[in-house]
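Dear colleague,

Please find the structure below, handed over for your own work. A summary of the findings follows it.

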Amino acid sequence: MDQRTSSFSDPKMKILAASVAAVAAAGLVACAGGPTRGADTTGIDWNKVPANKLVLFYPGKSSYEWLRDPAAHKGAASETARGDSCVSCHDDAKEEQRQGAKILSGKHPLEPIALPGKPGHVDVNIQAAYDDKNVYLRYQWKGSNDIEYPYYRFDGKEWKTYGAPRLDKPVQEGKQPAIYEARMSFMLDDGKVPMFKEQGCWLTCHEGERDLNPATKEDVAANAAMKAYKKSDVRKYLPASRSNPSDWRTGKLPDELAKIKAAGGFVDLVQWRAHRSNPVGGADDGYVLEWRNFDAGKNHFASNMNAATKQPNFMFDAARFGARAVSADQVRTKDNFLIKGANAVPFDPNAGWKAGDMLPRYVLQPADATGSAADNKAYGIWKDGMWTVVLVRPLNLANPDDKALKPGGVYSVGFALHDDNITTRGHYVSYTKTLGIGAKADIVAVKLP
Amino acid sequence: MKRNLRPLVAIAALAGGLSLSVPAFAQQFDADAAENVFKDNDCHKCHHATKAKKGPALKKIAAKYKEKKLDEKEAIKHMTAGQKVKLDDGKEEDHKIIDTKDVKVQTNVARWMLSH
């Protein structure tokens with residue numbers, strides 16, 4: 001195999017080799033916290049790839065419904081409802097900076113929770129390239145090193161969650177620490193979703209979702225469509241999936257959704273996750289239609305809770321990790337990733353658990369990740385206050401839950417960044433940009449030599 | 001901070017043909033301060049310098065005011081009275097009201113708008 005990392009002869013082979021190596025090394029790396037994890041192994045000389053500046057801003061509760069409410073989005077509700085693009089009005093050179101600062105001012109109805117000191121926007125540098133196999137996106141931003149995810153903590157009797165995203169009530173009340181993973185995501189459409197080009201991610205953001213005046217468990221359980229989807233909460237959905245797009249309760253039934261999906265009426269959603277995908281060289285692959293779904297196949301991570309026994313499925317292998325569990329004072333001091341095939345072993349209920357023992361809520365499963373859900377590779381490193389993430393997505397994907405990227409194609413893309421132990425509405429987002437694979441667009445992926 | 005001293009006399013004289021009855025005073029305004037108030041009030045979301053958005057471009061407003069010999073008092077009325085505005089689709093809607101009652105600030109914004 002070609003070992004010259006500086007050349008770019010066959011990136012696919014290198015990526016494959018690198019991900020196998022990463023999985024093999026994960027046990028060691030997880031212990032040592034060495035620099036290998038997340039290293040960009042594509043061999044691309046990014047100095048030769050043009051850089052684009054994105055400004056992502058804090059949207060708070062600016063849902064689809066808020067944007068169409070004349071008493072809220074004053075002077076803009078009817079234009080938004082008829083499908084005008086957001087940037088037909090929000091086009092100032094510093095618009096995102098102004099909007100983010102305004103929403104986080106502590107006086108704006110779009111963010112009722114005080115988040116003192118949180119910046120209203122984040123600059124993200126983005127570069128794009130492609131060869132005859134893949135598209136490569138490289139993101140860089142200054143942000144916090146959020147590689148942790150909430151845990152299960154044994155309290156002497158039961159395993160209860162420990163840590164939560166910053167906007168959660170227990171964190172706001174000081175009863176739990178803020179713990180959540182950093183994420184860098186995009187939603188992408190190939191022109192088949194009405195209005196996505198104009199209004200982007202906001203089409204999927206609705207009242208009833210978590211942290212957006214959430215629907216109650218009872219309401220969801222009583223709803224026929226949600227029952228048909230087998231879902232217990234409301235997540236991102238596209239307007240076409242509802243007979244009334246402003247009401248999550250009006251979901252269309254699976255037959256009808258299947259037709260919309262077959263016609264390409266869904267958006268792809270690719271999320272790089274600092275805890276649940278990065279340690280195993282992946283980024284998850286999902287799509288939004290009636291819900292925020294994962295693609296078919298198996299994801300890079302799985303729940304570490306056994307619903308029947310109410311105990312974790314896996315614990316750390318003490319021989320490889322140094323201990324069976326983590327304690328609260330070890331959070332953020334080392335790489336506490338639980339990885340099958342590397343440092344995870346089946347949970348032993350008789351291992352002498354003490355109050356305060358903690359295990360990750362998710363187990364990473366590099367060897368199990370298969371199918372359309374495992375299409376994307378990613379490498380992310382945090383150094384000196386800056387994340388550098390390289391995402392690799394194959395060209396011409398033919399899965400029914402993917403939007404195929406093709407040379408010459410131009411796509412509408414919205415970006416989102418989760419920073420500082422937060423999720424849901426607490427992310428930073430972009431207005432829609434175009435991504436051209438060797439074609440004219442806001443962000444042009446250049447052909448690699 | 002940038003201070004603009006822009007004598008409108010010459011333009012007014014041209015617009016008025018031979019008439020030189022326009023008082024010869026210089027319209028002063030602080031462009032940076034005006035632009036900040038304008039943007040803090042979301043005015044820029046509907047009024048671009050040169051491009052028509054939901055509201056007319058500042059250049060167009062300025063040209064109309066010159067032509068009709070309207071002044072900043074008229075402009076201030078539009079930003080303070082919440083008058084009905086007619087939209088392209090025939091619908092009507094109340095115009096945005098600026099969040100300050102300070103006539104000096106309003107005047108500064110109006111002069112800056114009309115300087116386009």
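**Helix packing and the chain interface**

In chain B, α3(B) and α5(B) are roughly perpendicular to each other, a label that covers angles of 65 to 115 degrees, whereas under 35 counts as roughly parallel, over 145 as roughly antiparallel and the rest as oblique. The model is a predicted one, in which local features need pLDDT of at least 70 and side-chain atom pairs count only at pLDDT 80 or more, while totals for chains, interfaces and linings use all residues. Residues are numbered from 1 along each chain as its sequence is written, chains are lettered from A and ligands numbered from 1 in the order in which they are written, and side-chain values use heavy atoms, with hydrogens and water left out.

Two packed helices are described by the angle between their axes and the distance between the axes. For helix α3 (residues 58–68) and helix α5 (residues 103–114) of chain B, the axes come within 8 Å and cross at roughly 95 degrees. Here helices (H or I, at least four residues) and strands (E, at least two) are DSSP runs, numbered from the N terminus; axes are lines fitted to C-alpha atoms, for helices over the stretch in contact, and angles run from 0 to 180 degrees between N-to-C directions. B:L58, B:I61, B:A62, B:Y65 and B:K66 of α3(B) meet B:W112, B:M113 and B:L114 of α5(B), where contact means heavy atoms within 4.5 Å. This contact of α3(B) with α5(B) has seven nonpolar residues, no polar ones and one charged. The classes are nonpolar (Ala, Val, Leu, Ile, Met, Phe, Trp, Tyr, Cys and Pro), charged (Asp, Glu, Lys and Arg) and polar (the others, Gly among them).

Helix α2 (residues 31–40) of chain B also meets α5(B): their axes come within 9 Å and cross at roughly 100 degrees. On the α2(B) side, the residues in contact include B:A31, B:V37 and B:F38, and on the α5(B) side B:V105, B:W112 and B:M113. By class, the contact of α2(B) with α5(B) has nine nonpolar, one polar and one charged residues.

Turning to the interface, 13 residues of chain A are in contact with 13 residues of chain B. The two chains bury about 1000 Å² between them, 33% of it on carbon and sulfur atoms; buried area is the accessible area (1.4 Å probe) that two parts lose on being put together, summed over both. A:C89, A:D91 and A:R98 supply 41% of the area that chain A buries against chain B, more than any other three residues.

Across this interface the rule finds seven salt bridges, each a side-chain nitrogen of Lys or Arg within 4 Å of a carboxyl oxygen of Asp or Glu. One of them joins B:D42 and A:K102 (2.7 Å, N to O). The side of chain A that touches chain B draws its largest share, four residues, from helix α4 (residues 95–103) of chain A. That side divides into two nonpolar, four polar and seven charged residues. Over all chains, the count comes to 38 salt bridges. Another pair is B:K45 and A:E95 (4.0 Å, N to O). B:K45 lies in the loop between α2 and α3 of chain B and A:E95 in helix α4 of chain A, so this pair joins two chains.

Yours sincerely
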